Amino acid sequence: MIRRWLAVFMLLMFVIMVVAGCSKQSVKPAGQGGQKQTSSASSPLTVKVLDIGQGDAILIRVAGQTVLVDSGDISTREKLVQYIKKEGITTIDKVIITHPHADHLGGMPGVLDNFKVNQIYDSGQTTTTALYRQYLTLVKKKEIPFTVLTAGTEIVISDDIKLKILAPEKPFITESELNNNSIVTKLVYNNFSMLLTGDAEKESENRMVKTYGNELKSTILKVGHHGSNTSSSIEFLKIVAPEAAIISLGANNDYHHPHPSTMKKLNEAKVKVYRTDTDGTVTVNSDGKTYTITKEQ
């Protein structure tokens, strides 16, 4: 009898172990609880919000393609070039310039001189600066395909990975026109998404809320305009409802970004915030279901 009960007990234990081993593992999004997470080198999608001072430069690597969104300021041009080289990148498939301010466009001469660029997208907004003229001259000289993006466009990376363009919408916004007509991109990979907002301010946010509503909801938000109080309205944050937010900005910058009111809104929304001025380059990895966030420092 004892042997029979022992056999039954062992069989039950075996069944429990098999069931436990086959169950789906629950993975917490990185950053919950404020803990640094280890990145996954095998993750299909990697997004790096580069520590590039007071500006934006975001490197996306997915499905064998490299996409650069903005290129930082003139003063950090060489740092950007060296960073991309360290990644082993020789060709950038797509460059998106959200708008032609120097802190987003400034690295382009270095990028164009050091890497093969297959396609450039921008907002169609123009300026009279020497930097902007240099950018256009290089694009023309190197005969790089050039496309103006507007809301409603999709850039297909693969069957399940897309860049949805949510702004700018015509007619262009005249208030703070370069910032408010920034290209806003939603990177969508199955259940994961990341909203890249350039320097879009409240006027652009309000327009997107009216046009897209709940379609703005995203897993991660790259906060608009470096955390300025001209962006990140309460209504916009409520609709996007990010689990984490990343602010790209320089340490002790002259603009005093991020603004305390923006940090207060993010904190009240219980959004975990990462900052390139204190965390260094912030890396997001995702397999389309879960994600991790890694801080450089």
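"Buried" means under 20% relative accessible area, with exposed over 50% and partly exposed in between (1.4 Å probe, protein chains only). In a regular strand, side chains alternate between the two faces of the sheet.

Before we go on, this is a predicted model: local features need pLDDT of at least 70, side-chain atom pairs count only at pLDDT 80 or more, and totals for chains, interfaces and linings use all residues. Residues are numbered from 1 along each chain as its sequence is written, and side-chain values use heavy atoms, leaving out hydrogens and water.

Strand E3 covers residues 65–69, and five of the five are buried, so the rest of the structure largely encloses it. The labels come from DSSP runs, numbered from the N terminus: helices (H or I) have at least four residues and strands (E) at least two.

Now for the neighbours. Strands pair if DSSP finds at least two bridges between them. E2 (residues 58–62) pairs with E3 in the antiparallel sense, over five bridges. Val 62, for instance, has Gln 65 in E3 as its bridge partner. E2 and E3 form a hairpin with two residues between them, and Ala 63 in that turn has a positive phi of about 50°.

Then there's strand E5 (residues 94–97), which runs parallel to E3 and is joined to it by three bridges. Here Leu 68 has Val 95 in E5 as its bridge partner.
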